[in-house]
Amino acid sequence: MPALKGSLTYSRFFVNGPLPTSFQEKFLKSIRLRSMKPLEPDDEVTERSGWCRLGEPMETELSFEDLFYNSYLNVGFRTDRWMIPGPLLRTKLREAESAYLQKRGRERLSRKEKTELKDLVSKKLRRQLAPVTRMTDVSWSLDEGIVRFFSHAPKQAAMLEGLFVKTFALKLVPEAPYTLAARLQPEPDLAPGWDALEPTDLAEEEGVA
Amino acid sequence: MQLVDRIEKRRFVGREFLLWLWFESELFEGTLRTREHGSFGFWVERQIVLTAGVEGTRIKGPLPAAGREAKESLRRGKLPESAGFHLVAGNAETSFTLKADRLAISGLKLPTVLGRAEDVPPQLLDAPRRMVKRKREDAARRESRESDESHEAFYERMGLTRDLEGRLEVLYRDFLAIRLGDAWKWVVPVMRAWALGDEVDVEAYVRARDGEPVAKKRATRAR
């Protein structure tokens, strides 16, 4: 649990916009609405994200005390994903295709039949497996307007941004040299100098590219 | 310029910030200073990664930036992509890695006091069993106490994290004042001389940094 113990690895996001009035009630309601719903084998989606308790991926019933730590909103960002090992899927698919062709006395499958068969085999295998669960701590410092996301994985960050805006109706701006500069020195002062910047190169002038 | 271009096409500013932190920490012998925080210890440690395009150099060691290889990389046009730093403020020591393109922190070790193993009261292992009157807390009370402790540990960790971030933001603000102003054109020749291993006239650099134009020869002295 990086937010609560151990060394910290995180990315920062700036929250774009003010908090709404009575935000605690509103946020509690909207987080509960988007708390993690487990993936089922017959679901059309192969990946799903939702909120859970900080550090507790299986705890998806969230109370006010679970979420609000004085001026922080702390929550777990959980993603479940079906991961069927490639060799297993290929083997089972080959078996299913052979049985299907034998039953119908044919030699080839149409593209549509192949797709349907793959879907059927995948769903059957999912019943024998459990989805892979990944949880990342999220800590929103409400007075600073900063979200600390305890991961550097770009895909996870993109998914967090999507769920965050759906839940809170506020956009996240990832920290970068420009976004931090704009926060420290708001436009219009920053823009002209920033746009004119050229990279610095300390390379020796002769003999080095 | 579009917002996306300001972000994506200027990520190199993060690398220049790391370069400047390294340069200043070496020039001022591991002691940086800001108006808000006064003096504090700050130097590169454990690892530095320098890249230019797809070519990269990873240097590990107690003081990885102090060796010849690091400066050689700069002279080949590489800039720091990430660097490990050590910060000493008062009695508190912190170490972390800063990644330039996103200014993201990893491996941050905080000087926390709460939540450490040594804070747990020792068991009375040597006392006779009959002498130890065990207090039986009900589950709800224990859970509540643990929750309070984890909250306190969290506030401490966030407080220390925010202190570090605040310090880095002030350093970044100071860097931007130089980078976006006229001073940078005086600072770059000094950095280039430093990368070459020439002795740098610290006072002349400070004047250049603070916006007072100086001749190149005044800021650097030949080896």
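**Entry 1: ground rules**

I number residues from 1 along each chain as its sequence is written, and I letter chains from A and number ligands from 1 in the order in which they are written. Since this is a predicted model, I note that local features need pLDDT of at least 70, that side-chain atom pairs count only at pLDDT 80 or more, and that totals for chains, interfaces and linings use all residues.

My helices (H or I, at least four residues) and strands (E, at least two) are DSSP runs, numbered from the N terminus.

**Entry 2: domains**

I looked up the domain bounds, which come from an automatic or database domain assignment. For chain A the assignment gives domain 1 (11-81 + 136-195) and domain 2 (86-126). The centres of these two domains of chain A, taken over C-alpha atoms, are 41 Å apart.

Chain B is divided into domain 1 (1-114) and domain 2 (173-223). Here I find 19 Å between the centres of domain 1 of chain B and domain 2 of chain B, again over C-alpha atoms. Ten residues of domain 1 of chain B and eleven residues of domain 2 of chain B take part in the contact; two residues are in contact if their C-beta atoms, placed from the backbone, lie within 7 Å.

On the side of domain 1 of chain B that touches domain 2 of chain B, α2 (12-27) and α3 (68-75) of chain B each supply at least two residues. α2(B) gives the most to that side, with six residues. I sorted the residues of that side into six nonpolar, one polar and three charged. In this sorting Ala, Val, Leu, Ile, Met, Phe, Trp, Tyr, Cys and Pro count as nonpolar, Asp, Glu, Lys and Arg as charged, and the others, Gly among them, as polar.

**Entry 3: helix α3 and helix α4 of chain A**

I took the axes as lines fitted to C-alpha atoms, for helices over the stretch in contact, with angles that run from 0 to 180 degrees between N-to-C directions. The axes of α3 (residues 86-104) and α4 (residues 111-126) of chain A come within 10 Å and cross at roughly 125°. That makes α3(A) oblique to α4(A). For the wording, angles under 35 degrees count as roughly parallel, over 145 as roughly antiparallel, 65 to 115 as roughly perpendicular and the rest as oblique.

The residues in this contact are L88(A), L89(A), K92(A), L93(A), A96(A), E97(A) and Y100(A) from α3(A), with L117(A), K118(A), V121(A), S122(A) and L125(A) from α4(A). By class, the contact of α3(A) with α4(A) has eight nonpolar, one polar and three charged residues.

**Entry 4: helix α5 and helix α6 of chain B**

In chain B, the axes of α5 (residues 183-196) and α6 (residues 202-209) come within 8 Å and cross at roughly 155°. α5(B) and α6(B) are therefore roughly antiparallel to each other. I list A183(B), W186(B), V187(B) and V190(B) of α5(B) against Y205(B), A208(B) and R209(B) of α6(B). The residues of this contact of α5(B) with α6(B) are six nonpolar, no polar and one charged.

**Entry 5: strands of chain B**

I counted two strands as paired if DSSP finds at least two bridges between them. β1 (residues 31-34) of chain B pairs with β2(B) in the antiparallel sense over four bridges. T34(B) stands opposite G38(B) in β2(B), and a hairpin of three residues joins β1(B) to β2(B).

β2 (residues 38-52) and β3 (residues 55-61) of chain B run antiparallel and are joined by seven bridges. L50(B) has T57(B) as its bridge partner in β3(B). The hairpin of β2(B) and β3(B) has two residues between the strands, and G53(B) takes a positive phi near 65° there.

β5 (residues 92-99) of chain B and β6(B) pair in the antiparallel sense over four bridges. K99(B) has A104(B) as its bridge partner in β6(B). With four residues between the strands, the hairpin of β5(B) and β6(B) includes L103(B) at a positive phi near 50°.

**Entry 6: chain A against chain B**

The contact takes 33 residues from chain A and 38 residues from chain B. On the side of chain A that touches chain B, β1 (8-16), α6 (177-184) and α7 (190-195) of chain A give two or more residues. The largest share, six residues, comes from α6(A). That side of chain A divides into 20 nonpolar, eight polar and five charged residues.

In β6(B), I105(B) is the bridge partner of Y10(A).
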